[in-house]
Structure formats: C-alpha cells, structure tokens
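Got the model open and wondering where to look? Here is a quick walk through it.

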Amino acid sequence: MPDLPDIHQNVCLLHEPIVGAFGLPADTPFVSIKGDPSLRETVPLRPRQQSRLDQIAGEVLQTCAAVLRDTGVYAIYIGFNSSEVRTESIFNPFAYEVHDAEDLVKPGYTARHFVSVPYEEKVRTIAWVRAMIQTGPLRRYLPAHWLKLMDQERWAPLAAHRIGEIVHSFNILRSIEGYYLRNAAISLSEGIVRASYNCDGTYIVRADYFPEFVRINTP
C-alpha cells in the first residue's frame with residue numbers, strides 16, 4: 001500500500017512553488033505571474049525609452065548566445081532597461097558576475113572574462129555535479145520524499161542549437177508595442193526561460209518550448 005503522506009509531500013514539492021527544486025512540473029510548459037497591478041495601469045503614462053542596450057541589441061544578444069553556447073556560462077540574465085548582463089558559470093558556480101552590455105561587445109572582453117569550453121563538456125559537468133549532490137555525503141540530510149524524486153529525476157540538457165533561437169525570441173518580445181520585454185533570463189541547468197514585461201507580467205517557460213511560446217503569443 002503506498003505511503004500516502006509521502007505521496008502528498010511529493011505532490012506539494014512539485015506543485016506548490018512557482019518553480020521548485022525540481023523545476024516546472026512535467027505537465028506544465030509555462031506559468032505566468034501577475035505582480036503589482038499599478039504597473040499595468042500606468043503603462044500608458046510611462047512612454048518607452050531606448051536603453052543603451054537597445055541601441056546595440058543585435059550585437060549584445062548574439063554575444064549572449066555565443067557565451068551560453070561556447071563558454072562555461074550556464075545561466076544568463078539580460079536587463080534591457082538597465083543594460084545589465086548577469087552570468088553564472090560552472091567555473092564559479094556559487095557566484096554570479098554582472099557585466100555592462102556595452103562592455104560585453106567590446107573586442108576581447110568575452111575572451112578575458114569567460115572560459116571557453118565545449119558545450120557537451122559543460123552539460124556533462126552540470127550532470128556530474130547534480131549526480132554528485134544526489135549520491136554524495138549531502139544525501140544523508142535529504143528527507144524521504146526528496147530522495148524519491150531525486151532518484152526518479154532524469155535531467156535532459158537543452159540542445160545547443162536551440163540557444164540562438166531562444167535569444168532571438170527576446171528581440172521579438174522587446175519589439176512589441178505597448179507591453180514589451182523588460183528583462184529575460186535563460187538557465188541551462190534548470191531548462192527554463194524567465195521573461196518579465198514592462199507591466200506586471202512575468203512568464204516562466206520551459207526552454208525547449210520558449211520559441212513556440214513566443215510564436216503563439218506574438219502578432
């Protein structure tokens with residue numbers, strides 16, 4: 001007979017958070033979050049201004065895609081309004097770096113700040129670290145419902161060729177009139193994309209589904 005309390009805890013662990021320790025639930029390709037309604041109400045009073053990033057958006061996004069694909073970076077945040085690019089790398093996994101978008105595209109900048117590594121090696125490293133936590137000394141601290149889900153989990157990395165398509169989708173969302181993209185982030189380790197708009201809307205979408213999500217939801 002199944003242990004009902006454990007089943008209940010597993011369901012809660014998977015479905016209670018917006019994005020939990022095990023990512024989006026398997027049957028959920030995306031979730032939306034509504035924030036402060038005053039942001040939506042005041043959108044017409046806040047005319048759009050071109051940011052420094054907007055002026056070089058094509059070059060910045062192309063560089064971001066290359067950094068995600070060709071270096072140790074496994075997560076990247078792009079702030080279109082602030083011109084901030086935040087990165088997380090397998091070479092320093094407990095910290096993040098913050099870069100100015102204008103600096104990011106200067107000659108030699110990415111070569112100095114990001115370590116080149118084949119994409120296949122990077123995703124193998126992510127899988128190895130996940131397995132090391134799952135089977136190493138920290139395992140003794142995990143409750144039974146965590147252990148069960150961790151042992152069942154099968155992490156599948158995003159295919160490298162999808163990165164460019166996802167990043168290009170940011171340009172599409174940024175160009176929408178009225179309610180447009182304010183910032184976006186990609187996490188290869190979680191397999192999700194987070195997109196926040198100039199109103200109160202935020203969407204968290206499975207990375208492999210994100211280009212299709214954009215096609216469905218844009219004119």
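What follows goes from the overall fold to one residue and then to some charged pairs.

## Ground rules

This is a predicted model, where local features need pLDDT of at least 70, side-chain atom pairs count only at pLDDT 80 or more, and totals for chains, interfaces and linings use all residues. Residues are numbered from 1 along each chain as its sequence is written, and side-chain values use heavy atoms, with hydrogens and water left out.

## The whole protein

The protein has 9 helices and 7 strands; these are DSSP runs, with helices (H or I) of at least four residues and strands (E) of at least two, numbered from the N terminus. The C-alpha trace spans about 60 × 45 × 25 Å along its principal axes.

As for burial, 41% of the 219 residues count as buried. Buried means under 20% relative accessible area, exposed over 50%, and partly exposed in between, using a 1.4 Å probe and protein chains only. Take the contacts (heavy atoms within 4.5 Å) between residues at least 6 apart in sequence: 59% of them join residues at least 24 apart.

## A look at Val-73

Val-73 sits in strand E2, which covers residues 73-79. Its relative accessibility is 1%, so Val-73 counts as buried. Setting aside neighbours within four places in sequence, Val-73 has contacts that include Val-67, Thr-87, Phe-114 and Leu-188. Tyr-119 is 46 residues from Val-73 in sequence, and their C-alpha atoms are 9.8 Å apart in space.

## Salt bridges

Side chains of opposite charge can pair when their charged atoms come close. The structure holds 12 salt bridges, each being a side-chain nitrogen of Lys or Arg within 4 Å of a carboxyl oxygen of Asp or Glu. One of them pairs Asp-54 with Arg-174 at 2.7 Å, N to O. That pair links distant parts of the chain, 120 residues apart: Asp-54 is in the loop between helix H2 (37-41) and helix H3 (57-70), while Arg-174 is in helix H8 (residues 162-174). Both Asp-54 and Arg-174 are buried.

Which residues does Glu-165 bridge to? One is Arg-162, at 3.3 Å, N to O; Arg-162 and Glu-165 are both in helix H8, 3 residues or about one turn of the helix apart. Another is Arg-215, at 3.4 Å, N to O. Here the link is between distant parts of the chain, with Arg-215 in helix H9 (residues 210-217) and Glu-165 in helix H8, 50 residues apart. Through shared partners, salt bridges join Arg-162, Glu-165, Glu-212 and Arg-215 into one network. Glu-165 itself has a relative accessible area of 30%, so it is partly exposed.
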